[in-house]
Amino acid sequence: MAKPLIAGNWKMNTTLQDGMVLATALQQLLEGVTGVEVVLCPPFVSVAAVAAALRGSPLKVGAQNMHHEDKGAFTGEVSAPMLRDLCQYVIVGHSERRRDFGETDEVVNRKVKKALEVGLRPILCVGESLEQRQRGIYAAVVMRSLMACLDGVEAPNGLVVAYEPVWAIGTGMAASGEQAQVMAGLVRQVLGQRFGEGVAASVPVLYGGSVTPANIQEFVSQPDIDGALVGGASLDAKQFAEIVRITARARAGRPG
Ligand code: PEP
């Protein structure tokens with residue numbers, strides 16, 4: 001079983017100073033909490049400073065995006081080799097990038113491969129829209145998207161997959177534990193077919209979409225859900241720390 005993982009996606013929030021205050025508060029609130037990998041994903045401009053502030057602490061840092069090329073004429077972009085020295089994780093294929101910046105599965109696939117190549121752990125996001133859920137095609141959509149994003153990936157060492165139904169992100173309308181488990185199970189099944197059962201079991205599968213301290217227990221008590229990708233609630237140190245604490249308690253005693 002994968003180690004539980006809780007990642008906070010700060011999105012385009014927090015100035016450098018806000019980010020430092022938030023990271024420092026979390027470091028204090030989470031002192032002594034073990035058994036959960038905690039990842040903070042600030043905006044690019046704060047990644048280096050937050051990473052420096054957290055040096056020596058078990059908290060990890062991630063970026064929210066990256067370009068799939070190493071370098072070149074891509075104004076405004078940041079590459080994997082630039083991030084590798086600063087942080088350990090990178091979110092790829094978030095639905096806001098897909099929706100607002102036209103990222104396709106093909107582009108996301110290139111990012112996944114590049115992140116793995118340089119030793120960054122990609123948090124690969126997949127999920128269906130409300131319309132796709134209502135039409136009953138959500139399982140097929142997510143399965144196809146996941147397979148496309150993993151096309152050509154040989155060894156997914158370090159891969160993390162986040163199932164994030166688009167209709168649940170930032171809406172306050174979280175999926176039920178049961179709905180999330182069905183999809184996390186499907187993700188695990190696809191990973192098993194692609195890489196074998198042993199590898200599939202070791203990949204953390206997260207749920208994301210309006211996670212709060214009030215509902216995290218429902219998700220992390222599911223057999224195929226290893227944690228959460230948290231947006232809004234990750235901006236509140238007390239709420240985020242509580243999500244981590246509940247996860248640590250829920251998973252204590254379970255093998256892995
Ligand atoms: C997200 O941004 O990935 C997310 C899940 O956001 P929220 O928790 O606010 O729904």
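Biologist: In this predicted model, which residue lies over the face of Y138?
Modeller: The distance to the ring centre of Y138 is 3.8 Å, and a charge sits over a ring when, among other conditions, it is within 6 Å of the ring centre. The residue lying over that face is R133.

Biologist: How many salt bridges does a search of the whole structure find?
Modeller: Side chains of opposite charge can pair when their charged atoms come close. With a cut-off of 4 Å between the side-chain nitrogen and the carboxyl oxygen, the search of the whole structure gives a total of 16.

Biologist: Where in the chain do K3 and E37 lie, and how many residues apart are they?
Modeller: The side chains of K3 and E37 meet in a salt bridge, at 3.8 Å from N to O. K3 belongs to the segment before strand 1 (5-9), whereas E37 is in strand 2 (residues 37-41), so that the pair links distant parts of the chain.

Biologist: Is E37 buried or exposed?
Modeller: The relative accessibility of E37 is 12%, and buried means under 20%.

Biologist: What separates K114 and E117 in helix 5?
Modeller: These two side chains meet in a salt bridge, at 3.2 Å from N to O. K114 counts as buried at 11% relative accessibility, while E117 is exposed with a relative accessible area of 58%. Because they are three residues apart in helix 5 (residues 105-118), what separates K114 and E117 is about one helical turn.

Biologist: Are the rings of Y207 and F219 stacked or edge-to-face?
Modeller: A pair of aromatic rings is described by the distance of the centres and the angle of the planes. For Y207 and F219 the centres are 4.1 Å apart and the planes are at 20°, and planes under 30 degrees apart count as stacked. The pair of Y207 and F219 is therefore stacked.

Biologist: Which residues form one aromatic cluster?
Modeller: The count of aromatic pairs comes to two. In one of them, the rings of Y163 and Y207 have centres 6.4 Å apart and planes at 50°, so this pair is tilted; it links Y163 in strand 6 (residues 160-163) with Y207 in strand 7 (residues 205-208). Y207 also pairs with F219, and the one aromatic cluster is formed by Y163, Y207 and F219.

Definitions and conventions
Residues are numbered from 1 along each chain as its sequence is written. This is a predicted model: local features need pLDDT of at least 70, side-chain atom pairs count only at pLDDT 80 or more; totals for chains, interfaces and linings use all residues. Side-chain values use heavy atoms; hydrogens and water are left out. Helices (H or I, at least four residues) and strands (E, at least two) are DSSP runs, numbered from the N terminus. Buried means under 20% relative accessible area, exposed over 50%, partly exposed in between (1.4 Å probe, protein chains only). Rings of Phe, Tyr and Trp (its six-membered ring) pair if their centres lie within 6.5 Å; planes under 30 degrees apart count as stacked, over 60 as edge-to-face and the rest as tilted. A charge sits over a ring if NZ of Lys or CZ of Arg is within 6 Å of the ring centre and within 35 degrees of the ring normal.
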